[in-house]
Amino acid sequence: MLELNKIYNMDCLEGLKLLDDNSVDSIVTDPPYELGFMGKKWDNTGISYNVDVWKEALRVLKPGGHLLAFGGTRTYHRMACAIEDAGFEIRDQVQWIYGCLSEDTEILTNIGWKNINTLNKTDKVFSYLYRPNNRNSNEIVLSSVNEIFKYDIDDELINLKNDNTDQLITKNHKVLCKLTERIQQNKIRLNNNINNEWMYYDANQFVTGDKIVLPLGAKYDGKYNIGNNLFAELIGWVLSEGWYQNKAVNISQSSVNKNNVSRIRYILSKLNAVYSEYQRERKYKGKRYIEYQFYITGKIADKIQEIIPNKKPTWDLLHLTLKQKIAMFNGLMSGDGNWTGKAFYQNNINTLEWFQILCHLIGKQARINKNKMYVSYHDNPTTEIQEKHKINKIQYKGKVWCINTDIGNFIARRNGKIFITGNSGFPKSMEISRVIDKKLGAEREII
């Protein structure tokens, strides 16, 4: 017979058999979730699905006693079926699925960054739509905000941090990633690929030594069309090297960059733009050069000033078609960028933040150097938390928040670093009826 107030480390099925019938008031248990957690065998035995275990639990319970069994979001249903098959009556289900981010995290909407105090359910947010086994189909899309969750917390948060990302998230927050576990075998370090596709993991599943691949950007093909790729590139040139003079648009370029001079001339010619070209000799640090000025008038100039009225980048430009965004990026980089160093220079922080977002929406990643006022970018839109990056747990007291979207994730920013993360509530399959309502502009009455 088992003693009261004593912990026994033994097989639960064997231990339950040592208890008398109708001798236990209630059972609260947290069995394995059967996820194969980190490849560990103890989380892949099937014990939670074993009907015999739950039959023994029912036998030892007093009449009216209750069983509360914890389960994982992806496998609890199989455990619940086993409990029901054992003779239990399934009653209320309690769920805690609101994984959240720190209060200083922002979310990227179709009209800019929003925080815990400014985001509304009417906003559209950028989400990452990925399709397994099809890398070329991964893209950024606009998604609806179904719910907004905010609450106070006094607990440890998990900090996923390296040079390219800085995420401060609750332990149960869903992280979209590819995970590789580092293991030692005969004093040799091996990599055990747990998954090679994007999957959601609770933040508390990670341990120092895992290689966690995180998405930071993808390609967004917007619906805003300003004509063609050459005109989109011209917009980039004007943003970087242009200025307005009444109704005219000017672009300057130095003879030091002969290829750029030829490129601007070619674009204006192909667009049938009305323009004049002026040249004047200049001197810089004792060296002489020719400054070329392109003076653009007519319809092209009017259209440029209509699209960028203050010669400042707008949020609308981020919704250009993908090809036009890339063409505009090329114009911006040719004007104020360094292709070799993959850096874009501007003396306006708002422009740098806008350019950073542009990079993440054309399949790159970028970060801002505020001291030297430039954005550096990389063509790989992912980053890795490697063994050298310790997964820190930080004590946090304050508000956390998150949203629920149709897609299951969204683009966020913290400490100036952009990343893609899972949302509150486990991602669900598409609800066809909701999509039909959305298409027809119908709204259901909430009863």
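Trainee: Where does Asn-272 lie?

Mentor: Asn-272 lies in the loop between H5 and strand S16 (274-284). Helices (H or I, at least four residues) and strands (E, at least two) are DSSP runs, numbered from the N terminus. This is a predicted model: local features need pLDDT of at least 70, side-chain atom pairs count only at pLDDT 80 or more, and totals for chains, interfaces and linings use all residues. Residues are numbered from 1 along each chain as its sequence is written, and side-chain values use heavy atoms, with hydrogens and water left out.

Trainee: Ok. What is phi of Asn-272?

Mentor: Near 55 degrees, a positive value in a residue other than glycine.

Trainee: And is Asn-272 buried or exposed?

Mentor: Asn-272 is exposed, with a relative accessible area of 67%. Buried means under 20% relative accessible area, exposed over 50%, and partly exposed in between (1.4 Å probe, protein chains only).

Trainee: What about Met-373, what is phi there?

Mentor: Phi of Met-373 is near 55 degrees, again positive in a residue that is not glycine. Met-373 sits in the loop between strand S20 (365-369) and strand S21 (374-378). Its relative accessible area is 22%, so Met-373 is partly exposed.

Trainee: Back to H5. At what angle do H4 and H5 cross?

Mentor: The axes of H4 (residues 229-241) and H5 (residues 258-270) cross at roughly 135 degrees and come within 10 Å. Axes are lines fitted to C-alpha atoms, for helices over the stretch in contact, and angles run from 0 to 180 degrees between N-to-C directions. H4 and H5 are therefore oblique to each other. Angles under 35 degrees count as roughly parallel, over 145 as roughly antiparallel, 65 to 115 as roughly perpendicular and the rest as oblique.

Trainee: Which residues of H4 make the contact?

Mentor: Leu-230, Glu-233, Leu-234 and Trp-237. On the H5 side the contact includes Arg-263, Ile-264 and Ile-267. Contact means heavy atoms within 4.5 Å.
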